[in-house]
Amino acid sequence: MGCLDEGNGELENGVSMGCGEVDFEEEAKPDIAAIEDAVKVLLLGLGEDINREGLRKTPLRVAKALREGTRGYRQKVKDIVEGALFPEAGLENNRIGHAGGGGGLVIVRDLDLYSYCESCLLPFQIKCHVGYVPSGQRVVGLSKLSRVADVFAKRLQEPQRLADEVCSALYQGIKPAGVALVLQCTHIHFPDLESIFLESSQQAWLKTLVLSGSGIFDDRNADVWSDFFCLLKFRGIEIEKAHLRGSSDQWWCPSLSALSAKVSSKTVPVNPVMVTAVSSILKSLGEDSLRKELTGTPGRFVKWLLNFQSIDMDVKLNGSLSCGTDTFNPDREVNFKDRQIHCELNLPFWSQCEHHILPFHGVVHIGYFISEGFNPIAKSLVQSIVHFYGFKLQVQERLTRQIAETIAPLLLGGHVIVVVEASHTCMISRGIEKFGSSTATIAVLGRFSTDLAAKAMFFQSVASATTSGGQ
C-alpha cells in the first residue's frame with residue numbers, strides 16, 4: 001500500500017508523514033520543561049510576577065496546551081488509516097453509473113478543527129469538508145478522514161498548506177480515485193492597544209476559504225467537483241470565494257495584513273530576550289524557527305504579547321475619570337422613584353487569559369440608575385474603562401468586577417450592573433475543544449443586588465439588543 005507500509009514516508013510536497021508517537025509522559029518532559037522556562041521569560045518581560053496567584057502554574061498550562069495543540073508532529077497517518085479500509089462492492093456490472101466502492105462520491109462535512117497560525121502563533125478555527133471517490137472496491141472508515149485532517153491541523157499551519165497536506169496524505173494513504181478538500185478558516189483579529197482608540201469599529205474575525213484536490217479532482221472543471229460543490233451549498237458555502245492552490249491570501253493572518261502593517265506613531269522595541277524565548281518554544285514543539293515561514297513569527301508574537309504589558313493602568317485611568325465626574329453632585333438627594341435605568345450595551349473588548357496566554361474577546365453590557373437632571377456617563381469614557389481593564393492578563397470574572405467597581409464611584413449610590421459575554425480560544429485550542437461555546441459573567445453593586453425588577457429590566461434590554469443584531 002505504498003507509503004502506508006513505510007514507517008516514515010513523505011508526501012508529494014515534501015511534508016513528512018510524521019514519526020510514531022511514543023510514551024507522551026516521558027518523552028514530553030524535557031520539552032515541557034523548556035517551554036515552561038520560556039513562558040516564564042515572557043511573563044517577566046511583561047512585568048508580571050510569576051509567583052502571584054493565577055500565574056504560578058501558567059507556564060505549565062501553556063506548555064501542555066502547546067504540546068497538545070501540535071501533537072500532529074508526533075503522529076503518522078499510517079497508523080490511522082491502516083486497518084480502516086473495508087471491502088465494499090461497486091455497482092453490478094450490468095448497471096450504468098458509479099456507487100459504493102466503485103466510484104460513488106463520499107463527503108464528510110462540518111468537521112470542527114483548530115490549528116495554530118504559523119505567522120503569529122494564535123489558534124484559528126477550521127470547518128473542514130472532505131470528500132473522496134473510492135476505488136478498488138474498498139472504502140475507508142469515515143472517522144479516519146477526520147483523524148487524518150486533525151494530524152495536520154495539529155501543527156503550525158496556514159490554510160492552503162493545511163488543505164494540500166491533508167489532501168495529499170489521504171490520496172496516498174487510501175489510494176482512492178480522488179480526494180477533495182474545502183476548508184473554512186476563521187482567524188481572530190486582535191487589535192493593538194493604540195489602534196483600538198483610533199478606530200471606533202474593529203473587525204473581530206478574518207475568514208478565508210481554500211480548496212485542494214488530487215486524482216480526478218486535479219481538474220477544477222471536472223463534473224465531480226460540481227457534485228461536491230452542490231452538496232456543500234446546502235451548508236451555505238460560497239465556493240466562488242474560495243482561494244485556489246497557489247493563490248492563498250497572503251494577508252490571511254492579521255499580523256501580516258495591511259491593517260496591522262500601518263506604522264504606529266509609537267514604535268515599541270521588541271525585547272530580544274523574549275524573541276529568543278519564543279524561538280526556543282518553536283524548537284521544543286518540533287519546528288525549525290529558521291524555516292522561512294517562521295523567521296518573523298517570534299517577533300510578531302512578542303509584539304502582540306506586549307499589548308498586555310503590566311503597567312500602572314490605574315494612573316492613566318484616574319486621569320480620565322477625573323474628567324467624567326463633574327456632572328454628579330453627591331450631596332443631592334434623589335428619590336429612586338424618579339430614577340430610570342441607563343444602559344450601555346455591546347461594548348466590545350479584547351483580553352488575554354492569564355491561565356493559558358490565549359485571547360478572549362466579546363462584549364460588555366452595563367446598566368446603572370440615572371435621575372432626572374443627571375447626565376449619563378459619556379459612552380467614550382465607559383468604553384475606555386472597558387479597554388483599560390481588557391488589555392491585561394485577565395480572567396473574565398475579575399474583568400467584570402473591575403469594570404463594575406470602577407464605574408460605581410461615578411454614580412450616586414454606586415448602583416451598577418455589568419454583564420460580560422466572551423468567547424475564549426482556550427476553550428477550543430486545548431483538549432476540551434468546545435467549539436461555539438461562550439461564557440457570561442455578572443457583577444451587581446448596590447440596589448441591583450436586591451431590586452429584582454430593575455435587574456429583569458436590564459436583562460430584557462440586553463436580550464433585545466442581542467436579538468436585534470446589536471451584538
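Let's start with Q340: its relative accessibility is 56%, so it counts as exposed. Keep in mind that this is a predicted model. Q340 is found in strand β8. Once you set aside its neighbours within four places in sequence, Q340 is in contact with Y368, F369 and I370. Another residue to look at is S371: it comes 31 residues away from Q340 in sequence, yet the C-alpha atoms of the two are 6.3 Å apart.

Now for the sheet around it. Five strands, in the order β10-β8-β9-β11-β12, make up an open sheet with mixed pairing. At the edges sit β10 (393-394) and β12 (439-445), each pairing on one side only. Strand β11 (residues 416-424) pairs with β12 in the antiparallel sense, over seven bridges, and V416 stands opposite L445 in β12. Helix α11 (residues 379-390) lies across β8, β9 and β10, and runs at about 30 degrees to β8.

Next, the aromatic rings. The whole structure holds 12 aromatic pairs, and here are two of them:

| Pair | Centre to centre | Angle between planes | Type |
|---|---|---|---|
| Y114 and Y116 | 6.1 Å | 75 degrees | edge-to-face |
| F228 and F229 | 6.4 Å | 75 degrees | edge-to-face |

Y114 and Y116 are both buried.

What about the Phe pair? F228 has a relative accessible area of 0%, so it is buried. F229 comes in at 17%, which means it is buried too. Ring pairs also link F228 and F229 with F217 and W225 into a cluster.

Key. Residues are numbered from 1 along each chain as its sequence is written. This is a predicted model: local features need pLDDT of at least 70, side-chain atom pairs count only at pLDDT 80 or more; totals for chains, interfaces and linings use all residues. Side-chain values use heavy atoms; hydrogens and water are left out. Two strands pair if DSSP finds at least two bridges between them. Helices (H or I, at least four residues) and strands (E, at least two) are DSSP runs, numbered from the N terminus. Contact means heavy atoms within 4.5 Å. Axes are lines fitted to C-alpha atoms, for helices over the stretch in contact, and angles run from 0 to 180 degrees between N-to-C directions. Buried means under 20% relative accessible area, exposed over 50%, partly exposed in between (1.4 Å probe, protein chains only). Rings of Phe, Tyr and Trp (its six-membered ring) pair if their centres lie within 6.5 Å; planes under 30 degrees apart count as stacked, over 60 as edge-to-face and the rest as tilted.
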